[in-house]
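Student: Can we go through this one together? I'd like the overall fold and then a few residues.

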Amino acid sequence: MKRCKWCNLNNKLYVDYHDNEWCVPNHDDSYLFEMLILESFQAGLSWETVLNKREYFKEAYDNFDIEKIIYYGEDKIKELLENKNIIRNKLKIKSSISNAKIFKDVQKEYGSFYNYLKSFTGEKIIYEIGQTSNKISQNISKDLRKRSMKFVGPTIIYSYLQGTGFIYSHEKDCFLYKKSIEKNL
């Protein structure tokens, strides 16, 4: 089976992610939070690097339990900085904690983070290939940065929207390619 060119066929995690997770709509706020944290760690790195460390991140970040992460203090930050199994970037680690607090504020404001995201997408899945940013990712990025989130530039948000199924981007040669998505989120 042919897959998108970016998918490293020698990495089973990557193939599984491509085949079963990428561009698949997921409305669960816990998943949306996990992916936002992981995508923010991708800044300047490859998604494959982050994906290879995903299980370690889950363990280090208390299974992405937002109720725990929002209370991480200096001891936990030090622990994360010493964890050789994750990406040990101090700015990204500190931002993941402050971003968690902002994520929670957005949930309160919109009822869920999913509701927040779909307020930008018009409740439709966007179909496009070969992009790294669009007006929607730019608008979400601008709004999140206005709320003081970090590592949420338009390219990171675009990748996030692909990963969580708001944007469908399987390439024409890929076995998962579809010309359009008719159903609503």
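Predicted model: local features only at pLDDT ≥ 70, side-chain atom pairs only at ≥ 80, totals over all residues.

Student: How many helices and strands does the protein have?

Tutor: There are 10 helices and 2 strands. Along the sequence they come in the pattern α-α-α-α-α-α-α-α-β-α-α-β. The radius of gyration is 16 Å, close to the 16 Å that the globule rule gives for 185 residues, so the protein is as compact as a globular protein of that length.

Student: What box do the C-alpha atoms fill?

Tutor: Roughly 50 × 40 × 25 Å, taken along the principal axes.

Student: And what share of the residues count as buried?

Tutor: 51% of the 185 residues. As for contacts between residues at least 6 apart in sequence, 65% of them join residues at least 24 apart.

Student: New topic. Which residues does UniProt list for "binding site"?

Tutor: The UniProt entry, which is unreviewed, gives Cys4, His18, His170 and Cys174. They span 171 residues in sequence, yet no two of their C-alpha atoms are more than 10.3 Å apart, so they gather at one spot.

Student: Take His18. Where is it found, and is it buried or exposed?

Tutor: His18 is in helix H1, residues 12-20. His18 has a relative accessible area of 0%, so it counts as buried.

Student: What is His18 in contact with, leaving aside neighbours within four places in sequence?

Tutor: With Arg3, Cys4, Trp6, Cys7, His170, Cys174, Phe175 and Leu176. The list takes in Cys4, His170 and Cys174, which UniProt also gives for the site.

Student: Now the lysine. Where is the place of Lys92, and how far away is the nearest side chain of opposite charge?

Tutor: Lys92 belongs to helix H7, residues 90-110. The nearest side chain of opposite charge is that of Glu39, 10 Å away. Lys92 is buried yet has no salt bridge.

Student: What does Lys92 touch, then, not counting residues up to four places away in sequence?

Tutor: Lys92 touches Ser40, Phe41, Gln42, Ala43, Leu45 and Phe151.

Key. Residues numbered from 1 in each chain as written. Heavy atoms only, no water. Helix = DSSP H or I, 4+ residues; strand = E, 2+ residues; numbered from the N terminus. Buried < 20%, exposed > 50% of the residue type's maximum accessible area, 1.4 Å probe, protein only. Lys, Arg positive; Asp, Glu negative; His and termini not counted. Salt bridge = Lys/Arg side-chain N within 4 Å of Asp/Glu carboxyl O. Contact = heavy atoms within 4.5 Å. UniProt positions renumbered as here; feature names shortened; annotations may be inferred. Rg over C-alpha atoms; globule rule 2.2 N^0.38 Å.
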